[in-house]
Amino acid sequence: MTFLDRRTLLAGSGAIALALALSPASAQKKYDEGATDTEIKIGNTNPYSGNASAYGNIGKTIDAFFKKVNDDGGINGRKINFISYDDGYSPPKAVEMVRKLVEEDKVLFLFNTLGTPSNTAIHKYMNQKKVPQLFVATGASKWGNPKEFHWTMGWQPDYATEGAIYAKHILSNVKDPKIGILMQNDDYGKDYLNGFKQGLGKDNEKLIVELATYEVTDPTVDSQMIQLKNSGANVFFNITTPKFAAQAIKKAAEIGWKPVHYLNNVSSSFGAVFKPAGIEASQGIILALYRKDPADPQWANSPDIAAWKAFMAKYMPQADLRDDSHNYGYSVANTMVEVLKNCGDNLTRENVMKQAASLKGYEAPMLLPGIKINTSSTDYYPIQAVRLARVNGESFELFGEVQSNENPSQ
Amino acid sequence: MATTATTANSPVTAAARPAGHKWWIWLMVLLLALLPLLGGKTGLISNYGFLQLSLMIVYAIAVLGLILLTGFNGQISLGHGAFFAVGAYTSAVLIDQASWPYWATLPVAAIVCFLVGYIFGMPALRLEGHYLALATFALAVAVPQFLKYRHFEWFTNGVQGINIFKPDPPFGLPLSADQWMYLIVLFVAVLMFWIARNLLDSRAGRAMMAIRDHSMAASTMGVNVAHYKTVVFGISALYTGVAGALHAIIFEFVAPDSFRFELSIAILVGAVVGGIASLPGAVIGGIFVQVIDKYADALTKKLTTAVSLPLDLEPWTIYGIALILLMYVMPMGIAGGLTALWRKLRGS
Amino acid sequence: MEQLLQQVASGLANGAIYACLALALVMIFVSTDHINFAQGELSMFSAYLVWQLIQWGLNFWLALAIVAFVSFLIGVMVERVILRPLHSAPVLSIVVVFIGLLAIFHSLAGAIWGHTIKDFPSPFPNIAFAGSGYIGPHQIGMILVTIALLVALFSFFRFTPLGLAMRAAAQNPASARLAGIRVDWMLALGWGLAAAIGAVAGSLVAPVVYLEPNMMASILLYGFAGALVGGIASPGGAVVGGFIVGVLENLIAYLGNLLEKTTGVYIIGNGEKLTVALIIVITVLTLKPSGLFGHVTVKRV
């Protein structure tokens with residue numbers, strides 16, 4: 001670290017003390033590496049190649065959205081310089097690219113790096129370097145641990161909470177449930193399963209009559225679906241990524257298995273799941289949502305949906321609007337912009353983190369009515385609420401109240 | 001590259017015998033060892049730069065493992081990533097579970113990988129060409145599954161992977177962790193290349209190459225082909241496994257997702273592009289593995305902005321074209337190509 | 001018992017996928033002696049072409065016929081332009097060229113059509129029939145098409161002069177050349193035919209696994225294993241080998257799960273089925289190196 005850096009850093013920590021008393025806008029201009037009078041540098045990794053490349057659309061959407069922000073004049077006069085590298089969904093590659101972002105490109109912070117394995121690999125590094133790792137694109141529950149990892153924050157509802165919500169819904173709505181589970185054999189799958197088991201409670205774990213796992217390298221999940229059907233399960237909890245979700249839904253219909261079907265939010269996409277699986281076969285599937293489905297007629301007049309459609313038409317005209325990645329990327333990028341606006345002219349890493357942890361009742365575009373983003377220095381889970389919905393025709397039909405596993409006060 | 005090359009009817013490539021002692025090689029090693037002082041202090045090479053250098057060396061060791069097997073013994077492997085993973089996990093588990101110091105895990109990783117390679121080498125004896133390719137291909141695909149196997153979870157930590165800590169430089173040396181790691185990696189690499197060179201120069205080395213060039217003739221001359229082949233498989237796995245162990249320590253993290261099939265492909269490509277029967281080829285291959293995707297990525301971005309194409313090119317297109325062109329121009333790899341060029345220049 | 005039958009049926013259906021790809025692998029092997037690691041991506045690319053034509057309003061079979069022809073031309077071109085100059089290059093250099101081709105076709109598909117999965121229509125009528133709980137109409141169609149392809153290939157090699165010439169060129173290029181066969185064009189023809197078969201394979205696989213650039217990546221290993229276990233030089237063996245691998249894999253998972261259910265002891269399950277299937281395949285190969293239906297080749301020193 002050069003002398004100059006150290007001085008700005010010291011000045012930065014002084015600004016925190018100031019910021020406690022003053023509103024951010026009235027603070028002086030303070031910068032860490034990656035921020036200047038004209039530019040904010042943001043780093044990101046995404047799997048543009050490899051077996052998770054379908055998620056690459058999230059990175060592309062965020063990139064397009066920041067272009068729009070820049071076209072509209074930037075944030076407090078500063079343009080966003082969004083640098084996104086391909087990590088091929090490989091943890092070592094992610095570490096390498098992230099070190100390049102932090103040490104060579106000198107970004108102010110990382111935003112929406114994707115994947116549980118990749119984020120796990122850079123978790124410690126980011127916190128040692130004290131560079132924010134904001135709004136990561138994974139729902140593992142470990143991202144909300146400000147005591148040990150001050151510089152890392154998730155965004156979407158965590159998998160465990162969501163799993164528990166399904167479990168509770170099953171217990172109170174399905175008579176004599178016998179549960180079959182299809183699970184991707186990795187970190188993400190296990191997180192859902194653990195939350196689900198917690199929601200069931202120790203005594204009810206025996207309700208799970210069959211647990212079938214698959215690997216991302218399996219060509220199909222046909223064999224697992226047959227196994228599940230023959231277990232006699234009348235409830236199906238489907239913990240799969242979009243391609244396998246579509247295969248599972250299609251296969252269930254083909255072999256005539258008609259359980260009460262719960263599907264994880266990861267696959268809440270018409271474009272990538274229900275349309276390929278068959279709209280007919282998808283009817284009645286229950287899943288937790290926290291964002292609006294743009295195709296749902298009840299949001300036809302809602303301003304955020306209209307703004308999203310205009311954005312997509314102008315900046316991503318080729319894209320498939322029914323791919324949920326565009327919806328997700330837009331919403332999370334908006335949250336980021338909100339945080340940066342709140343930072344005012346104090347663009348130190350500490351202040352970015354502080355502002356990210358000071359969102360109060362922020363209604364990011366696309367979020368369902370009643371779901372708000374709340375964070376604090378001890379609450380690093382921005383979105384904690386979901387609403388249950390079922391597939392009805394070519395859109396989702398919401399039912400029930402906004403639910404949250406913890407903090408009922410929200 | 002002044003290698004005294006002898007041509008033989010090898011299925012792999014013309015045999016290249018390693019060069020004799022060359023003072024300039026040791027001078028280069030010395031310069032490399034002084035880099036943290038020269039480059040690090042002046043700020044010419046950042047910590048990220050040292051990470052890159054370390055990775056190039058690590059991949060060079062891994063590629064060397066494959067080169068010993070394929071280039072000098074004629075056995076093919078599409079699955080060396082498997083041994084890389086075994087080495088990485090051995091090191092990580094010992095550091096994590098038994099709190100061993102990182103340096104002590106390296107010899108253990110070497111021994112474990114030697115045994116795994118040796119055992120795998122036995123059925124491989126009965127398999128040739130495409131069959132061995134399938135068996136090793138299968139090994140590469142199976143190892144990530146194996147790491148997640150339920151009964152191993154207590155030490156592999158299953159899908160979560162294992163977090164470990166990168167060593168700090170000892171005795172308060174004025175080096176960054178990356179610079180220190182670079183020196184360790186360089187030391188290990190020099191040692192292992194030196195051993196490989198001496199091995200190839202020995203009787204055993206000549207027997208290895210005799211088996212590659214004509215296994216039946218070798219066996220009539222009294223070479224125990226089966227014994228040699230399995231041992232070479234073990235040594236090859238050992239090299240690649242030590243590279244894996246170093247990789248784990250550099251990244252402070254192992255997970256099944258880190259060792260997917262792509263890794264095996266990268267090692268194979270490194271070996272062939274570098275020069276399959278050449279020690280300098282291993283170094284070139286290691287550098288190639290480390291830099292190619294970055295260049296492909298950067299070039300793709302430049303192309304996309306320079307020429308307004310109707311579609312977003314992806315880096316793999318450039319990567320693929322680069323591979324084909326390289327094989328087109330230098331079918332014996334870069335080391336082979338340079339040797340041929342050198343000979344042509346001297347001959348004319 | 002019920003489940004066992006279903007698992008076997010589903011294994012056969014998956015086996016048809018592997019068999020199709022194995023057939024294309026054998027085709028290139030028979031004519032050029034190479035394992036084409038880019039075969040999966042070529043098939044995937046062809047499947048995208050079919051999808052595109054269907055989007056433009058063509059009927060499935062017409063689209064497939066056009067694409068099979070186009071793929072044939074692509075295959076011939078790949079051989080003539082890219083592989084031709086490398087005829088004397090070492091085997092591993094050729095393998096790297098295949099990896100290069102794989103990367104190019106994979107990334108082009110991603111760049112042109114994106115990475116989101118696409119629905120691919122099945123050409124077979126979706127009707128219920130006795131036993132359709134075991135195996136779907138598309139799966140049966142796929143098996144039938146695979147067998148039809150096999151019969152066509154068999155007749156081609158056995159009864160047509162061109163087929164005979166191709167076999168001669170592959171088995172003994174020197175004598176074939178003396179007999180007036182243009183050996184180099186036979187190689188290109190082999191590539192073309194393999195690419196055309198690959199187009200059929202891709203278009204039959206896509207309705208099951210969905211169309212995306214990674215579609216064939218994991219299937220390649222199965223196809224490769226199937227081709228080898230049946231005997232890499234025998235089209236019939238490759239098809240049988242594909243089915244064997246498909247069924248074997250399902251049976252292993254089934255038995256593993258059954259064991260866990262009845263005794264509570266977990267040894268293998270869904271996570272290990274591929275590994276165990278491959279171990280069995282490789283064991284078979286160590287005992288019978290030319291595959292179940294291959295001929296023993298005598299090596300001359």
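In which sense do strand 2 and strand 4 of chain A pair, and over how many bridges? Strand 2 (residues 39-46) and strand 4 (residues 109-111) of chain A pair in the parallel sense, over 2 bridges. Two strands count as paired if DSSP finds at least two bridges between them. Strands themselves are DSSP runs of E with at least two residues, helices are runs of H or I with at least four, and both are numbered from the N terminus.

Before going on, some ground rules. This is a predicted model, in which local features need pLDDT of at least 70, side-chain atom pairs count only at pLDDT 80 or more, and totals for chains, interfaces and linings use all residues. Residues are numbered from 1 along each chain as its sequence is written, and chains are lettered from A and ligands numbered from 1 in the order in which they are written.

Back to chain A. Across the pairing I began with, A:Ile42 stands opposite A:Phe109 in strand 4 of chain A. The two strands belong to an open sheet of 4 strands in chain A, in the order 3-2-4-5, with parallel pairing. Its edge strands are strand 3 (79-86) and strand 5 (133-134) of chain A, each of which pairs on one side only.

There is antiparallel pairing in chain A too. Strand 10 (residues 286-289) of chain A is joined to strand 12 (residues 385-392) of chain A by 4 bridges, and the two run antiparallel. There, A:Leu289 stands opposite A:Arg387 in strand 12. Strand 12 of chain A also pairs with strand 13 (residues 395-404) of chain A, antiparallel, over 8 bridges. A:Ala389 has A:Leu398 in strand 13 as its bridge partner. Strands 12 and 13 of chain A form a hairpin with 2 residues between the strands, and A:Gly393 in that hairpin takes a positive phi near 65 degrees. As background, strands of a sheet pair through backbone hydrogen bonds, either parallel or antiparallel.

Now the domains. Chain A is divided into domain 1 (3-157 + 302-379) and domain 2 (159-289 + 388-404), with bounds that come from an automatic or database domain assignment. Their centres, taken over C-alpha atoms, are separated by 31 Å. Between them, 15 residues of domain 1 of chain A are in contact with 17 residues of domain 2 of chain A. Contact here asks that the C-beta atoms of two residues, placed from the backbone, lie within 7 Å. The domain 1 side of chain A has 6 nonpolar, 5 polar and 4 charged residues. For those classes, Ala, Val, Leu, Ile, Met, Phe, Trp, Tyr, Cys and Pro count as nonpolar, Asp, Glu, Lys and Arg as charged, and the others, Gly among them, as polar.

Next, chain B. It has 14 helices and 2 strands. How does its radius of gyration stand against the globule rule? The radius for chain B is 20 Å, close to the 20 Å that the rule gives for 348 residues, so chain B is as compact as a globular protein of that length. The radius is taken over C-alpha atoms, and the rule is 2.2 Å times the number of residues to the power 0.38. Along the principal axes, the C-alpha atoms of chain B fill a box of roughly 55 × 55 × 50 Å. Of the 348 residues in chain B, 55% are buried. Buried means 20 or more other C-beta atoms within 10 Å of a residue's own, exposed means 12 or fewer, and partly exposed is in between, with C-beta atoms placed from the backbone.

Chain B also meets chain C: 41 residues of chain B are in contact with 38 residues of chain C. Helix 5 of chain B gives the most to its side, with 11 residues. That side of chain B has 30 nonpolar, 6 polar and 5 charged residues.

Last, inside chain C. The buried residues of helix 5 of chain C include C:His138, C:Met142 and C:Leu149. The buried residues of this helix pack against helix 1, helix 8 and helix 10 of chain C. C:Ala188 is found in helix 8 of chain C. Why does C:Ala188 count as buried? Because C:Ala188 has 21 C-beta neighbours inside 10 Å.
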